[in-house]
Amino acid sequence: MMTPVIVFLLFLSMGAVPSRAVNDEVLKEVSSDVSQTIARVNSGSKTRLVHGDLLPNTDRNADTCTASGCKWPKTGNYVYVPVTISSQYTREEQNIIIRALLTFHESTCIRFMWRRREQNYIYFYSGSGCFSYLGRQNRGQPISLSKRGCLYLDTVQHEVLHALGFHHEQVRSDRDEHVSILTQNIQEGTEPQFAKEQTNNLQTPYDFDSVMHYSNFAFSKNGQPTIVAKDDPNRVFGQATRMSQNDIDRINRLYNC
């Protein structure tokens, strides 16, 4: 009997993926500023969100709930996460998501598999923006990746990291040791996006290169920075095009890979 991972990978070997030239182009297609991409796409969304791209859960970077119930379960050496992908997407659009998921297979013990009858699973669909829940939910849970602006490698990784239990870097519990939040430059009404959270930082350093870190100018109302590094006010960040080594290390620490 084939393992779920092989079943998932078989999808890639049965003509579902475009030519190599297209694949290379897709993998290079990144948003260059994931925070601006998400903010732009979500600006017209009527979905209630917190921290810019999180669906609210009143029950619960790793979010502290990962210590008591919202981690995905581990079986043997791997954490199997069932997924479905909406038929709203074209084959090429589905492959952008699939290839982003496979980047987790390269360096972590996370293994995405096609959902069969599992109660807890992720389903990707083209909703009104780019958003996810934080951590595993007790039901099928959505990750919205709008066809109009969310289908980038870094954006997919960002939203999947939320679903695995990880928060934005600039709201982690020790952020005030590393950055200053310039509230005078923040758009009115978006101040809650910068609220600090009680996170489990997994004994990893603050990471300006994380794909979970927003840019210097996130939610700026006047073109001036809203987040400034304390060690170097001229430091530019929020430009990650894929998961950093720290992002990978945190997954492996949280899930004991």
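Reply: What follows takes those topics in turn, and the model is a predicted one.

Me: Rings then. How many aromatic pairs does the structure hold?

Reply: Eight aromatic pairs. In one of them, Tyr 78 pairs with Tyr 80. Their centres are 6.1 Å apart, with 50° between the planes. That pair is tilted.

Me: Is Tyr 78 buried, exposed or partly exposed? And what about Tyr 80?

Reply: Tyr 78 is partly exposed, at 33% relative accessible area. Tyr 80 is partly exposed too, at 21%. The cut-off for buried is under 20%.

Me: What is the geometry between Tyr 121 and Tyr 123?

Reply: Tilted, with 6.1 Å from centre to centre and 40° between the planes. Tyr 121 has 15% relative accessibility, so Tyr 121 counts as buried. Tyr 123 is partly exposed, with a relative accessible area of 30%.

Me: Which residues form a cluster with Tyr 121?

Reply: Tyr 123 and Tyr 125. The three tyrosines form one aromatic cluster.

Me: Now charges over rings. Where does Lys 71 lie?

Reply: Over the face of Tyr 255. The distance to the ring centre is 5.8 Å.

Me: And which ring does Arg 235 lie over?

Reply: Phe 208. Arg 235 lies over the ring face, at 4.2 Å from the centre.

Me: Switching to helices. At what angle do H4 and H5 pack?

Reply: About 60°, with the axes 9 Å apart. H4 covers residues 91–107 and H5 covers residues 153–164.

Me: What handedness does the crossing have?

Reply: Right-handed, as H4 passes H5.

Me: Which residues meet there?

Reply: From H4, Ile 97, Ala 100, Leu 101, Thr 103 and Phe 104. They meet Leu 153, Val 156, Gln 157, Val 160, Leu 161 and Leu 164 of H5.

Me: Next, Ser 132. Where is Ser 132 found?

Reply: In strand E6, residues 130–132. Ser 132 is at 0% relative accessibility and counts as buried.

Me: How far apart are Ser 132 and His 158 in space?

Reply: 9.4 Å, C-alpha to C-alpha. In sequence they are 26 residues apart.

Me: Which residues of H6 are buried?

Reply: H6 spans residues 245–254. Its buried residues are Asn 246, Asp 247, Ile 248, Arg 250, Ile 251 and Leu 254.

Me: What comes after H6 that has a positive phi?

Reply: Asn 256, with phi near 50°. Asn 256 is not a glycine. At 55% relative accessibility, Asn 256 counts as exposed.

Me: Why flag that?

Reply: Most residues other than glycine have a negative phi.

Me: What is the phi of Phe 219?

Reply: Positive, about 55°, and Phe 219 is not a glycine. Phe 219 lies in the loop between strand E9 (199–200) and strand E10 (227–229).

Me: Is Phe 219 buried or exposed?

Reply: Buried, at 14% relative accessibility. Asn 256, by contrast, counts as exposed.

How values were computed
Residues are numbered from 1 along each chain as its sequence is written. This is a predicted model: local features need pLDDT of at least 70, side-chain atom pairs count only at pLDDT 80 or more; totals for chains, interfaces and linings use all residues. Side-chain values use heavy atoms; hydrogens and water are left out. Rings of Phe, Tyr and Trp (its six-membered ring) pair if their centres lie within 6.5 Å; planes under 30 degrees apart count as stacked, over 60 as edge-to-face and the rest as tilted. Buried means under 20% relative accessible area, exposed over 50%, partly exposed in between (1.4 Å probe, protein chains only). A charge sits over a ring if NZ of Lys or CZ of Arg is within 6 Å of the ring centre and within 35 degrees of the ring normal. Axes are lines fitted to C-alpha atoms, for helices over the stretch in contact, and angles run from 0 to 180 degrees between N-to-C directions. Helices (H or I, at least four residues) and strands (E, at least two) are DSSP runs, numbered from the N terminus. A crossing is left-handed if the near helix is turned anticlockwise from the far one by less than a right angle, and right-handed if clockwise. Contact means heavy atoms within 4.5 Å.
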